[in-house]
Amino acid sequence: MFLIISVALVSCAANGISHQPLPEEFVEVAQIPNFGTARTWADAFSPGYKETLKEREQQIRRSGLVREDANILVLSGGGQNGAFGAGYLNGWTKRGDRPRFEIVTGVSTGALIAPLAFLGSDYDADLERFYTTHSTRDIVKPNYIGGLLSGAAVTDSKPLAGLISEFVTAELLTKIAREHRRGRRLALITTNIEAQRPVIWDMGQIAEAGTDEALDLFRKVVLASASIPGAFPPVQIDVVADGQTYSELHVDGATTTNLFLAPLNLTVFRDNRKRKGRIYILTNGKYLPEYKPVKAKTLPLAGRAFSTLLKYSTKADVQRLQLFADRTGAELRFVSIPIEFDEESSEPFDKVYMNALYDFGFGAGLRGDLETPRPRVF
């Protein structure tokens with residue numbers, strides 16, 4: 001029902017917050033002061049990105065990372081189904097062969113998991129706590145009437161912002177910055193809803209700034225990536241263009257892409273093409289079609305259409321990553337929630353459901369349930 005409402009009300013989100021839109025002629029040149037190339041378009045090879053590639057190559061050589069296998073983790077969206085990804089990663093730790101990931105990318109609920117997964121098993125307890133101890137009221141505050149009449153969304157996401165602030169701390173940013181300087185990369189995706197384009201955020205570069213401003217921006221990006229349009233309000237991010245300050249509206253990264261690696265994939269094997277590469281895709285949802293009777297009414301049909309659209313968007317993303325793996329000789333491994341998991345949730349963030357899904361994911365990670373070398377294409 002939560003996702004159904006988000007689709008039905010997406011057009012109601014324009015007038016609920018004070019917003020100074022960026023003029024169209026400045027879309028390509030607007031900057032966030034003090035953060036350089038920390039953000040780029042995810043659908044284009046942005047000017048200046050070559051310098052970013054060179055910097056990463058130098059960092060890898062200096063740190064010795066070049067002598068290790070290139071393990072990459074790609075985390076999808078999926079709302080409360082992020083409990084599966086959290087459980088899987090923690091079960092993988094228990095199994096004993098979870099690698100250190102050179103690159104971690106996250107979208108939507110994957111953006112909540114990614115910073116903790118990037119830093120490794122020391123943060124497993126935080127992952128478990130986030131996805132097993134909270135329910136809907138801990139994450140969103142209903143705003144149905146205001147959202148319908150004049151608001152930006154049917155909920156207030158301040159509770160989620162508070163939870164993000166609890167685990168995205170100055171200490172966490174210090175650790176991410178340290179790994180960034182070794183050549184590792186953490187990237188999250190948001191959607192610039194006005195430009196209708198995905199934006200990639202180099203979270204390590206943001207963390208390197210080490211300022212209160214950096215901490216605030218880091219938290220905003222995590223929140224924005226998980227903000228379903230219409231259900232959660234968009235996140236405003238201030239930018240400067242032509243000497244003036246404007247704001248951009250950023251929403252759920254899954255609006256434009258549910259699994260992401262490019263253009264980071266261009267940096268993986270440039271330094272040494274003999275490196276063994278593995279791309280692990282962790283999908284917080286069911287990849288294969290599943291039959292489900294639907295009432296022939298507006299909201300149920302809209303909700304079913306939305307979930308179908310997301311499923312096939314995910315399929316296209318997986319196929320794109322498979323093409324990259326084939327081209328570079330990397331091994332692609334893939335896991336998603338199987339259709340056999342048939343628990344039902346009774347609310348948008350159902351604690352009972354998330355605990356069951358976390359346990360299910362933990363068992364899958366403990367067993368090492370990863371499809372390889374390629375996912376089934378339907």
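**Entry 1: salt bridges**

I reminded myself that this is a predicted model. I ran the salt-bridge search over the whole structure, and it gave 20.

I picked Glu248 and Arg39 to begin with; their closest N and O atoms are 2.5 Å apart. I then checked where the two partners sit. Glu248 is in strand E9 (residues 244-252) and Arg39 is in strand E1, so this bridge ties together parts 209 residues apart in sequence.

Thr40 is buried, at 13% relative accessible area. Leaving out residues up to four places away in sequence, I found Thr40 touching Ser46, Tyr49, Pro198, Val199 and Ile200.

**Entry 2: helix H9**

Next I turned to Lys175 and Glu171, a salt bridge with closest N and O atoms 3.5 Å apart. Both residues lie in helix H9, four residues apart, which is about one turn of the helix. I noted the general point that an α-helix has 3.6 residues a turn, so residues three or four places apart point the same way. Lys175 is partly exposed at 24% relative accessibility, while Glu171 is exposed at 51%.

Arg178 is also in H9, which covers residues 170-180. I found Arg178 in a salt bridge with Glu179, with closest N and O atoms 3.4 Å apart. Arg178 is partly exposed at 46%, whereas Glu179 is buried at 10%. Which residues make up the salt-bridge network here? I wrote down Arg178, Glu179, Arg182 and Arg184. I also checked Arg178 against Glu208, which is 30 residues away along the chain; their C-alpha atoms are separated by 7.8 Å.

**Entry 3: charges over rings**

Arg184 came up again when I looked at rings: its charged end sits over the ring of Phe118, 4.2 Å from the ring centre. I found a second case in Arg197, whose charged end sits over the ring of Trp41, 4.0 Å from the centre.

**Entry 4: aromatic pairs**

How many aromatic pairs does the structure hold? I got twelve. For Tyr287 and Phe334 the ring centres are 4.8 Å apart and the planes are at 65°, so I put the pair down as edge-to-face. Tyr287 is in the loop between strand E10 (277-282) and helix H12 (298-328), Phe334 is in strand E11 (residues 331-335), and the two are 47 residues apart. Both Tyr287 and Phe334 are buried.

Phe341 and Phe360 make a tilted pair, 5.1 Å centre to centre with 55° between the planes. Phe341 lies in the loop between E11 and helix H13 (351-367) and Phe360 lies in H13, so the pair ties together parts 19 residues apart in sequence. I have Phe341 as buried, at 6% relative accessibility, and Phe360 as partly exposed, at 28%.

I also found a ring cluster: ring pairs link Phe84, Tyr88, Trp92, Phe101 and Tyr280.

**Entry 5: nonpolar cores**

I moved on to the largest nonpolar core, which has 76 residues. Which members touch the most others? My list reads Leu73, Leu186, Trp201, Met203, Ile206 and Phe218. I followed Leu73: among the residues it touches, leaving out those up to four places away in sequence, are Phe101 and Tyr280, along with Leu89, Ile103 and Leu282. There is a second, separate core of 15 residues, and Ile103, Leu261, Ile279 and Leu332 are included in it.

**Entry 6: helix H11**

Last, I checked the length of H11 (residues 212-225). At 1.5 Å a residue, its 14 residues should span 20 Å, and the end C-alpha atoms are 20 Å apart, which agrees.

Note on methods:
Residues numbered from 1 in each chain as written. Predicted model: local features only at pLDDT ≥ 70, side-chain atom pairs only at ≥ 80, totals over all residues. Heavy atoms only, no water. Phe/Tyr/Trp six-rings, centres within 6.5 Å; stacked < 30°, edge-to-face > 60°. Buried < 20%, exposed > 50% of the residue type's maximum accessible area, 1.4 Å probe, protein only. Lys NZ or Arg CZ within 6 Å of the ring centre and 35° of its normal. Expected span 1.5 Å × (residues − 1). Contact = heavy atoms within 4.5 Å. Core = buried A, V, L, I, M, F, W, Y, C linked by side-chain atoms within 4.5 Å. Salt bridge = Lys/Arg side-chain N within 4 Å of Asp/Glu carboxyl O.
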